[in-house]
Amino acid sequence: MLATAAATPEVDGVSDPPASDDEAPLLVAELAARGVTAEIRPWTAPDGWAAADLVVVRSTWDYFERLGEFIEWAEHVAAVTRLTNPLEVLRWNAHKSYLIDLAERGVPTVPTTLVRRGASGAEIQVPVGSEGVVKPAVTDVAIGAVRSEASDPGLLGRLEQLAASVDVLVQPFLRSVIDRC
């Protein structure tokens, strides 16, 4: 079973299929060609995961909107069947402070500072450099991220606003992020 994001909400009695990546149906077809039955299923689907021989967390892009529920789901699935993405890795990877862990282990990463939820103004600093990025530590892609001149008071304001309710990552902006996309 391939776990994916939830279907879009129902509108006028019609809902879109589960949000998945474009490659998931290709993977299901290739597996079928090899005699393996696979299903794309939103992680939010009701119980029934125990019936799967294997669950692969594939494209659960909406996990960040309900992190607690997602982790509970992963714990449940790991308890009733084989979850290929280790539970410990899912927990670790869901909060982007893993970038700090990687840097401490010598893995090249974007320099990252974690500002914990509820940090006081004195603890909050903007990134060094010409441009900085602040973003929630639990998010998908760039949702909630702000890029601005480090000297812009709006950047510090956004950082303080975010830190009032969530953990926040502070990073220098790297042009290569845009150049490589």
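With which residue does Glu30 form a salt bridge, and how far apart are the closest N and O atoms?

Mentor: The partner of Glu30 is Arg34, and the closest N and O atoms of this salt bridge are 2.8 Å apart, where the term requires a side-chain nitrogen of Lys or Arg within 4 Å of a carboxyl oxygen of Asp or Glu. This is a predicted model, in which local features need pLDDT of at least 70 and side-chain atom pairs pLDDT 80 or more, while totals for chains, interfaces and linings use all residues. Residues are numbered from 1 along each chain as its sequence is written, and side-chain values use heavy atoms, without hydrogens and water.

In general, side chains of opposite charge can pair when their charged atoms come close.

The structure holds seven salt bridges, and the pair of Glu30 and Arg34 is one of the pairs treated here. Another joins Arg66 to Glu69, where the closest N and O atoms lie 3.9 Å apart; Arg66 is partly exposed at 31% relative accessible area, and Glu69 is partly exposed as well, at 43%.

A further salt bridge brings together the side chains of Glu131 and Arg147, with an N to O distance of 2.9 Å. This pair links distant parts of the chain, since Glu131 sits in strand E6 (residues 131-136) and Arg147 in strand E7 (residues 146-149), 16 residues apart (helices, H or I of at least four residues, and strands, E of at least two, are DSSP runs numbered from the N terminus). With a relative accessibility of 19%, Glu131 counts as buried, while Arg147 is partly exposed at 40%. Returning to Arg66 and Glu69, salt bridges that share partners join these two residues and Asp62 into one network.

Strand E7 also carries Glu149, which is partly exposed, with a relative accessible area of 42%. The C-alpha atoms of Glu149 and Val133 are separated by 8.8 Å, although these residues are 16 apart along the chain. When residues up to four places away in sequence are set aside, Glu149 touches Ser130, Glu131 and Leu155 (contact means heavy atoms within 4.5 Å), and Glu131 is again the residue that pairs with Arg147.

In the loop between E6 and E7 one finds Thr139, which is buried, with a relative accessible area of 4%. Apart from neighbours within four places in sequence, Thr139 is in contact with Tyr63, Phe64 and Lys96.

To set these pairs in the whole chain, the protein chain contains six helices and eight strands, and from the N terminus on these elements follow the order β-α-β-β-α-β-α-α-β-β-β-α-β-α. Of its 181 residues, 35% count as buried. Among contacts between residues at least 6 apart in sequence, 63% join residues at least 24 apart.

Key
Buried means under 20% relative accessible area, exposed over 50%, partly exposed in between (1.4 Å probe, protein chains only).
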